[in-house]
Amino acid sequence: MRARYAVPLKASLKAALAVTALSAATVAYAAGYEARAFRLRRVTVPVLRPGMPPLRLLQVSDIHMVSGQNKKRRWLQSLAGLRPDFVINTGDNLSDPEAVPEALDALGPLLEFPGAYVFGSNDYYAPRLRNPARYLAERASGRHGLNGNAPARNVPRNPWWELRDAFDAAGWANLTNARGRIKAAGAEIALTGLDDPHIRRDRYAEVAGGPDHDADLSLAVVHAPYLRVLDSFTADGYPLILAGHTHGGQLCVPFYGALVTNCDLDPDRVKGLSTHETPGHTSYLHVSAGCGTNRYTPVRFACPPEATLLTLTPRET
């Protein structure tokens, strides 16, 4: 009897060891290489009025800075070499309450350019250990963040006000449920922003009314691309909406894509440039996959960290 089962048992053991080795190699790649394989995405968006010269917009998002992340810090500093006309930061700069100085050091060269910002939930609250499978369960149930889930209690806070004060001192426009304006490359740019919908801090009624028609360009900015927000911005006629939050799915399936978005946006639009439509209106939507991860899940797979240089060009009509 022992001889009869020796081969199957040996084969099963080899298969189990092979699966274990493959899993370990995948985790090592996702954490040791891809999560640090920073890259720049380049896209072109035709949203300017005819005759305007192109504008170069750098979007940074979801930095999730943790003390000691020197490679990320140096990479972010290097983005100033792109010489963008202006910078938009779509939130979640922190994943460590002690990392504000390093986040500001990383963004320091970019603060020399005109810019604007919104915050995400991880700017306000320190991260918690969380089972990644919950994202799949929330996707199936339609509940994300505070949008259907019970509020988290006794969550440590991050010193977000230190970020705010530094950004404001640099002249960046604070778009926390607010409108603002910046001048870039001779253009007057009107901006409308919302606080993070993921934790239900968005107050669209406070900024409603649509684009400023006396500006050269109007943009909409938000951290988490929830459909209620995209619908409102699009219905009001904004030509381009900028968002982050999704991490591009973070753990994706090669040749398939993202499984989750951590909001009610569909996975087909989890990152990059797409469009959003409401009756009679269409807006471009750009969702950054971001350049960081929650400190408790420091892995990416088939979804490298990124920033985006958007070249805004004149529309055809």
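Biologist: Which residues make the nonpolar surface patch of about 400 Å²?

Modeller: Patches take residues with over 30% relative accessible area and no salt bridge, joining nonpolar side chains (Val, Leu, Ile, Met, Phe, Trp, Tyr) within 5 Å and like charges within 9 Å. Accessible areas come from the Shrake-Rupley method with a 1.4 Å probe, and for residues only the protein chains shown count as cover. Here the patch of about 400 Å² is made by L136, V253, Y256 and L259.

Biologist: Before we go on, what pLDDT do side-chain atom pairs need in order to count?

Modeller: Some housekeeping: residues are numbered from 1 along each chain as its sequence is written, and side-chain values use heavy atoms, with hydrogens and water left out. This is a predicted model: totals for chains, interfaces and linings use all residues, local features need pLDDT of at least 70, and side-chain atom pairs count only at pLDDT 80 or more.

Biologist: Back to Y256: is it buried or exposed?

Modeller: Y256 sits in the loop between β9 (240-243) and β10 (272-278); strands are DSSP runs of E with at least two residues, helices are runs of H or I with at least four, and both are numbered from the N terminus. Buried means under 20% relative accessible area, exposed over 50%, and partly exposed in between (1.4 Å probe, protein chains only). Y256 has 65% relative accessibility, so it counts as exposed.

Biologist: What is the phi of F255?

Modeller: F255 is also found in the loop between β9 and β10, and at 91% relative accessibility it is exposed. It isn't a glycine, yet its phi is positive, at about 65°.

Biologist: And Q250, buried or exposed?

Modeller: Q250 is in the loop between β9 and β10, and phi there is near 65°, positive in a residue other than glycine. Its relative accessible area is 11%, so Q250 counts as buried.

Biologist: Let's talk charges. How many salt bridges does the structure hold?

Modeller: A salt bridge is a side-chain nitrogen of Lys or Arg within 4 Å of a carboxyl oxygen of Asp or Glu. One of them joins D165 and R164, at 3.0 Å from N to O. The total for the structure is 14.

Biologist: How many residues apart are D214 and R181, and why does their pair tie parts together?

Modeller: The closest N and O atoms of the D214–R181 salt bridge are 2.4 Å apart. D214 lies in the loop between β7 and β8 while R181 is in strand β6, so the pair ties together parts whose separation in sequence is 33 residues.

Biologist: Which residues are linked with R181 in a network of salt bridges?

Modeller: R181 is partly exposed, at 33% relative accessibility. It also bridges to D212, with the closest N and O atoms 3.5 Å apart. The network links R181 with R179, E188, D212 and D214.

Biologist: Which residues does F167 touch?

Modeller: Contact means heavy atoms within 4.5 Å. Not counting residues up to four places away in sequence, F167 touches N89, N93, L104, L107, L111, Y117, F119 and W172.
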